[in-house]
Amino acid sequence: MPLNFEIDNVDLQILNILMKNAKKPYTEVAKQVYVSGGTVHVRMKKLEDAGIVKGTTLEIDPAKLGYDITVFIGIFLAKSALYDDVIQQLKAIREITNIHYTTGNYSMFAKLHCRDTQHLKDLLHDKIQKVDGIVRTETMISLEESVNRHIEVSSEK
C-alpha cells in the first residue's frame with residue numbers, strides 16, 4: 001500500500017458504521033453509504049492493507065463469564081530498560097487484557113479481569129508482584145464502566 005494512501009469521506013462513513021457493528025454485512029453498509037457492496041469490500045481491503053483496520057473482534061461481557069471485577073494496576077518498574085522483559089512476563093497472565101507503557105507516575109498501566117477479590121489478591125501476590133523488574137503496584141478496582149467506545153473518525157483535523 002502506498003504511503004500516500006488517503007482516506008476520503010466514503011472510507012470514514014464505512015469505518016464509522018462498522019465500528020458500531022462489525023458484523024453488519026457489507027451490502028447493508030453499501031446501502032447506507034450509497035455505494036456498491038463491492039466498493040465497500042475493496043475499500044475495507046485497502047484500509048486493512050494500509051494498517052488502518054487491524055481486523056475485527058468479538059466483544060464479550062467478562063462479568064457474564066464469572067469475571068465480576070475489572071481492575072486497573074499502575075506498575076512501577078525498577079528501571080525503564082526492563083520494560084521488554086516485564087511485558088513478556090505480563091503477557092503470560094491471561095487475566096490481563098490491556099497494557100500501556102505510560103508517562104507520569106507509572107511505568108505501565110494494565111487492565112485485568114478477576115472473578116472476585118480473592119482471585120485479585122492471588123494474581124497480585126503470586127504472579128504480578130513476582131515479575132522480575134516490578135518494584136511495586138497500585139491497584140484500582142473499577143466500580144462501573146460508563147463509556148467504552150471507538151473514536152469517531154471524521155475528515156476534520
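Helix 1 (residues 9–20) packs against helix 3 (residues 37–49) at an angle of about 90 degrees, with the two axes 11 Å apart. Helices (H or I, at least four residues) and strands (E, at least two) are DSSP runs, numbered from the N terminus. Axes are lines fitted to C-alpha atoms, for helices over the stretch in contact, and angles run from 0 to 180 degrees between N-to-C directions. Helix 1 and helix 3 are therefore roughly perpendicular (65 to 115 degrees). Helix 1 contributes Val10, Asp11, Ile14, Leu15 and Leu18 to the contact, and helix 3 contributes Val40, Arg43, Met44 and Leu47; contact means heavy atoms within 4.5 Å. Of these residues, 7 are nonpolar, none is polar and 2 are charged. Here Ala, Val, Leu, Ile, Met, Phe, Trp, Tyr, Cys and Pro count as nonpolar, Asp, Glu, Lys and Arg as charged, and the others, Gly among them, as polar.

The model is predicted: local features need pLDDT of at least 70, side-chain atom pairs count only at pLDDT 80 or more, and totals for chains, interfaces and linings use all residues. Residues are numbered from 1 along each chain as its sequence is written, and side-chain values use heavy atoms, without hydrogens and water.

An open sheet holds 4 strands in the order 2-3-1-4, with antiparallel pairing; two strands pair if DSSP finds at least two bridges between them. Strand 2 and strand 4 (134–141) are the edge strands, each pairing on one side only. The twist averages 20 degrees from one strand to the next. Strand 2 (residues 96–101) and strand 3 (residues 108–114) share 5 bridges. Asn98 stands opposite Lys111 of strand 3.

Conventions
Angles under 35 degrees count as roughly parallel, over 145 as roughly antiparallel, 65 to 115 as roughly perpendicular and the rest as oblique.
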